[in-house]
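User: I have a structure open and would like to learn how to read its features. Can we go through them one by one?

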Amino acid sequence: MSFFKRNDPNAPAVRRAAGGGASPSPYERLPTDNSSYSSPPAQPPRRVPPPQDYAQQSYNQPPRQTPQVPSRGYDQGEYREKAEYRPPPPQQPSRHPQQGGMTGVSTGLGRGLYHIAPCPSDPLALTNRLVVNPGDFPPDINFVILRNKYILSIIRDPTRTLPSKHLGPSKIIRQWIGLSAVGETVEVEPYTPGNGEYAASVEMEVGFRIKRKETSDLFDTEDMAQAFVSAFPDLPVTPLQPLVFDYRGHDLKVTVRTVSTLDGSDGHPGIIMEGTEVLWVKDPTSGMKLKNTSKRGPTNAILAPNFKFEDMGIGGLDTEFAAIFRRAFASRIFPPGLVEKLGIQHVKGILLFGPPGTGKTLMARQIGKMLNAREPKVVNGPEILNKFVGQSEENIRKLFADAEKEQKEKGDESGLHIIIFDELDAICKQRGSTNSGTGVGDSIVNQLLSKMDGVDQLNNVLIIGMTNRMDMIDEALLRPGRLEVHIEISLPDEAGRYQILNIHTVKMRTNGVMDGDVDLAKLASLTKNFSGAEIGGLVKSATSFAFNRHVKVGTVAAFEDVENIKITMADFEHALSEVTPAFGVAEEELQQVVENGIIHYSERVNEILKDGSLLVEQVRNSDRTPLVCALIHGPPGAGKTALAATIAMQSDFPFIKLISPETMVGFSEGQKIAQLSKVFTDSYKSPLSVIVVDSIERLLDWNPIGPRFSNGVLQALVVLFGKRPPKGRRLLILATTSHRSILTDMDVLSAFDTDMSISPITTLEEVGHCLREVGLFHNQNELDRCMQMLSESRFGEDGRPELLVGVKKLLSMAEMARQDPDPAYKLVSSLIREVS
């Protein structure tokens, strides 16, 4: 039976009012599952003076008394619906007991074990209060606490049908507390609230209780707040508590989200009073439309109220998340009235770009946790493509179909639809850049452009694109109004790496598997230029070393003593030698060119190393010169590459790369240019970088016969040498050449800030120093004999050639002489032939 069938002659209230027949059982008043807590009246309630039975006060006039339901209202012939009861002033209790075992004077203290019965009447269910027998509670008790947890306001049963030691909670109260309508008991204690327990503000989620009774009416949130405070004075509310609210004939279901009390606490119960601020938020599953003011936030809040960035499990991206929130979500949580006053539109698109493994896709997965309701649509770029003509464009339109439908139905009250494109460069390449005969790539870009910012603009869509190659995406897609916010997800700094390590090892620490000697701060400092994915790989590699210690000797699949497994600092140190960053130091290549170390055969070598360290400090510390380009030149074999590599490795910069002709053998001109551009682009992702460009003349394909060279590679090098890195990035370029005059003819020298020359070995003292460093001779006598023979050769005298030999060539001759029975004679003869 519906709660408010006024004209039904079989309704219990009508039968009692008529006075005919036996009184029905008090347990016959439980509404059916499809019942309603209210029925819509034709007009808003009109204020009636309080002495009238079942008087309804205006929503704009808060009550002054604790609500009571007068008993005589149920003795009349007509039943009136209302959400609250306004009693006349309290009367003196009767001195004589009434019939039926009910008394007008309280004889109990209110505490004890009570039986549960259905709510005596439908109007009482709308009060959201606990119906009690008047004789069980003293007049000064207005609140009780059930199960030492649930605080409720009580209302004395005006129907006189609720037996003593029984409670009559409504169905929604029983569902909240977990009570059955029949056959259950509950412990009750009187409750006296303190002054600080009254609610300063309450945020509640509202929607239609019955879906089939939804309307398209616009509900004013300020008027609803006044009506709620007026209808439910002194009503305790608790977070997650469900309520029913008959607002001008509309049957609404309310869920309390947050409560802030006068004492400043949050998350605890609070009592509604005249000054309580009520904030309404739309139930995401309901079609209700709320009208906001310029002082209150939107009703369809897109962010979960308890959302925190650290709960997303992504480290090192605090700044990026703050930028995303500011640009994409901040305007959406402010009152729509304020946004309308500013005359702005919400951001429709964000592009996340950066090197692989830095957390772009992981961020996309976690963005759903920021949202209060609708999950984002995550689409991999290639999933859009289809072999049938027009189907790829249709797939784009399907992504926007839900947003278009809701925009037409709800307008500004539409929820936010988020579409995430991973690998956006796969489907949104520059138009005209592909040679496919179908032109489907251009059509997809055109379709996406029209949907994002076409004739029919959508204001309820947010597109998030992710790519490793921003340069490949069509420029029209990057303008304001489309993917207008460009956020670089770069390599994490030391603090970010510490956060990522902390996230990856949290379970190890919680379960006591990580040894106490593991220093995450030290690991963060050692993992320079590691991406988030590479740090995850480092942790997995360290665990593999720990697993290996517990494998039984002589077996592969058997293990032992796994209860005592520990991940130690040594495991991480071994893993560091196994896992290397993609944007780190090319240590193996650099070690190859300085395999024999640096021999300080002359003071000039020390000067070059000192000047190189000064260049490193200039790049590291100077704000005026984020880019420094230096040239080291000298004859072949003079050790130019080894000196440049030594300066680079001693810099301790996180990104060091070597560009040499050996790595580009067989490359065409276009491939060389692409490789050069890639190395320099990668260097811009690191805060401090060093690039060593070895043998420029070989990279340019220079040949003295002709002469000829690659002008495309030359122009690319000149441009890259002079291109300043992005803000916050610093770059040192060390180039080497054996033919400085060629660079002068090609007008390349102007690209260098400084040049350093290294001279070959020219004196016998320098030769002797190198031979002592490499330990060619076992004793001093052999060295003296060798130097005597070299002195007798009289280099540079009487028209003989001067001693000019590169240190690299001298070391090679020394190693060959080491294999001879007479190394002194072999070295001198080889050196004479070389000089001649």
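User: Is C119 buried or exposed?

Analyst: Buried means under 20% relative accessible area, exposed means over 50%, and partly exposed lies in between (1.4 Å probe, protein chains only). C119 has 6% relative accessibility, so C119 counts as buried. C428 is at 0% and therefore also counts as buried. Keep in mind that this is a predicted model: local features need pLDDT of at least 70, side-chain atom pairs count only at pLDDT 80 or more, and totals for chains, interfaces and linings use all residues. Residues are numbered from 1 along each chain as its sequence is written, and side-chain values use heavy atoms, leaving out hydrogens and water.

User: How many disulfides are there?

Analyst: A disulfide is a covalent bond between the sulfur atoms of two cysteines. The rule here asks for a pair of cysteine sulfur atoms within 2.5 Å. By this rule the count is zero.

User: Which residues of helix α4 are buried?

Analyst: Helices (H or I, at least four residues) and strands (E, at least two) are DSSP runs, numbered from the N terminus. In α4, the buried residues are T221, D223, M224, A225, A227, F228, V229, S230 and A231. That is nine of the eleven residues in 221-231, so the helix is largely enclosed by the rest of the structure.

User: What do the buried residues of α4 pack against?

Analyst: Contact means heavy atoms within 4.5 Å. The partners are β7 (199-208), β8 (218-220), β10 (242-247), β11 (250-261), β13 (277-282) and β14 (289-291).

User: What caps the N-terminal end of α4?

Analyst: D220 does. One of its side-chain oxygens lies 2.9 Å from the backbone nitrogen of E222.

User: Which side chain does D251 make a polar contact with?

Analyst: A polar contact is a pair of N or O atoms within 3.5 Å; within protein, one must be able to donate a hydrogen and the other to accept it, and residues adjacent in sequence count only if both atoms are side-chain atoms. The partner of D251 is the side chain of R209, at 3.0 Å. D251 sits in strand β11. Its relative accessible area is 7%, so D251 is buried.

User: Where is N148?

Analyst: N148 is in the loop between β3 (143-146) and β4 (150-156). Its phi is positive, about 60°, although N148 is not a glycine. At 71% relative accessibility, N148 counts as exposed.

User: Where does R794 lie?

Analyst: R794 lies in the loop between α23 (780-792) and α24 (807-818). R794 is not a glycine either, yet has a positive phi of about 50°. With a relative accessible area of 36%, R794 is partly exposed.
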